[in-house]
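Here's a quick briefing to read with the model open beside you. Have the sequence and the 3D view ready, and follow along.

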Amino acid sequence: MQELLDLLKTKTDELHLGGGPDKIRKHKEKGKLTAWERISILLDTDREYIEVGKFAGDGLYEEHGGCPNAGVVVVIGYISGRLCVVVSNDATVKAGSWFPITAKKNLRAQEIALENHLPIIYLVDSAGVYLPMQDEIFPDKEHFGRIFRNNAKLSSMGIPQISAIMGSCVAGGAYLPIMSDYALIVEGTGSVFLAGSYLVKSSIGEVIDNESLGGATTHCEISGVTDNKYPNDESCLQAIRNIIEKFGHRPIANFSRIKAKEPLYDSNFIYNYLPKDRLKSYDMHEILKAIIDEDSLEEYKKDYGKTIICTLARIDGWAVGIVANQREIVKAKKVGNTSEMQMGGVIYSDSADKAARFIMNCNQQKIPLVFFQDVTGFMVGSRSEQGGIIKDGAKMVNAMANSVVPKFTFIIGNSYGAGNYAMCGKAYDPRLIYAWPTAKIAVMSGASAGKTLLQIQESNLKSQEYSLSEEDRIKRLSEIEQLYNQQLSPYYAAARLWVDGVIDPRETRKIISMGIESANHNTDIQRYNVGVIQV
């Protein structure tokens, strides 16, 4: 575990360098703060924050020089005591250009603001769409244009948006700050226009510099496009804090919270207890004791469907309903005073049935749900099929998918196939979803996938009257497993925003607490209705 945590720290430290030391030096020579420096000044210094989309873009676009952290930093944090989403372009990464993953990350930030009714702050410093990849970012539904659609939706819902133009703001991107409630601009470095000076000259023959075309003086004194100008980044950021400090308070959802207690176990316990080998068993109850408030656990049907733990608890004082995969081998009693051994991490009919009922209870009682995934999938074989595993699994998926209370997901180990879906994977709208460094995410394990793909290859070769030697079989299997295991990495998932980041397990309590506090701002909780389910 320590090796995995060291890797996490190394990769995190690299992210804070953005485009690298040379790019940071040139950026600061212009009198500008870095993306992280801006966030540091804007957020309350005595409060914690959550980074969203950490490692987005990791290892992607290497033929274009890479796009670390998707060229934008997104956090949920406190500004003048109010929870907000902050989006800060990193101009040290390709001048803040928008790659496809940049758009996806910005849309994720807006999604969080929309779901939780949180104010969103844009610190704009971007050269616009990365033109060599414009076909992958410009025209589709979830591409660049969706940003401005969301601007309009956020405004119509009364969710505050504040933009600070602290660098370039070009072409279609110019609409983002101007569709906000407040549009501030920094003198000398901030500029906003639909077309820069070079394009203006080539299009209509007008010769003009960028400052006269779309600088702070032009837009604050002549066009009225921006509201106020500021001499530097620091004063502009302070103005944002001053504005937010005056926001009125709105009704909240009133999720249950009492005074918090520390967990029974210190978070360091997880490092020593959770096995790195994903095949080894362990008791999920022990992991939970390092996360939930001490003496708050009230387990549901603890002697039935034991491969999934369903329990009410409190985390940092907040009431939660926990659905967690049990990784120990358990004994399940059956009709006729018989019993069977059930494999840990596998969802059986009885555990799916229990989880579905528990999820429905939490929705009826307005209790947020937290999923802890270490799941290899649903039980297979003739006995399970004849027992109706598909309908029981479908019932669990239905109950979870239709949930109206906030859901939060943590992938602490395996996350394979339909197990990922049933345990609230990314497709099922968790408010936040994070992976521990021990996570593995795919349709199936590397070993299972390797054997399956090798069988397919052998079958195809046999149809051509060719058979593999044992040496060829071993070589091909090794190559398949090596490629597949790379895709199992939590960083592979984080790079593509299948999860909101890879975290140290000790951050889990903070993320759940701040996540529920964020969700508490949205009072619009619909009536729970699961629709048609098979029983």
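Lys11 is found in helix α1 (residues 2-15); helices here are DSSP runs of H or I with at least four residues, strands are E runs of at least two, and both are numbered from the N terminus. Bear in mind that this is a predicted model, where local features need pLDDT of at least 70, side-chain atom pairs count only at pLDDT 80 or more, and totals for chains, interfaces and linings use all residues. Residue numbers start from 1 along each chain as its sequence is written, and side-chain values use heavy atoms, with hydrogens and water left out.

- Lys11 counts as buried because its relative accessibility is 16%; the cut-offs are under 20% for buried, over 50% for exposed and in between for partly exposed (1.4 Å probe, protein chains only).
- Skipping neighbours within four places in sequence, Lys11 is in contact with Phe55, Asp58 and Tyr491, where contact means heavy atoms within 4.5 Å.

**Charges over rings**

- The charged end of Lys11 sits over the ring of Tyr491, 4.9 Å from its centre. To qualify, NZ of Lys or CZ of Arg has to be within 6 Å of the ring centre and within 35 degrees of the ring normal.
- Arg47 has its charged end over the ring of Tyr78, 3.6 Å from the centre.

**Strand β16 and its partners**

- Strand β16 (residues 407-416) is mostly covered, with 10 of its 10 residues buried.
- β16 runs parallel to strand β14 (residues 369-375), joined by 6 bridges; pairing takes at least two DSSP bridges between two strands. Phe372 has Phe410 in β16 as its bridge partner.
- β16 also runs parallel to strand β17 (residues 432-435), with 4 bridges, and Phe410 has Tyr434 as its bridge partner in β17.
- From β16 the chain passes through helix α16 (residues 417-422) to β17 in a right-handed β-α-β crossover: with the strands pointing away from the viewer, the path from the first strand over the helix to the second runs clockwise.
- Strand β18 (residues 440-442) pairs with β16 in the parallel sense over 3 bridges, and Ile441 in β18 is the bridge partner of Ser415.

**Aromatic pairs**

- The count comes to 14 aromatic pairs, using rings of Phe, Tyr and Trp (its six-membered ring) with centres within 6.5 Å; planes under 30 degrees apart are stacked, over 60 edge-to-face and the rest tilted.
- Tyr421 and Tyr428 are a tilted pair because their planes are at 50 degrees, with ring centres 6.0 Å apart.
- Tyr421 is partly exposed at 44% relative accessibility, whereas Tyr428 is buried at 18%.
- Trp98, Phe144, Phe148 and Tyr175 are linked into a cluster by ring pairs.
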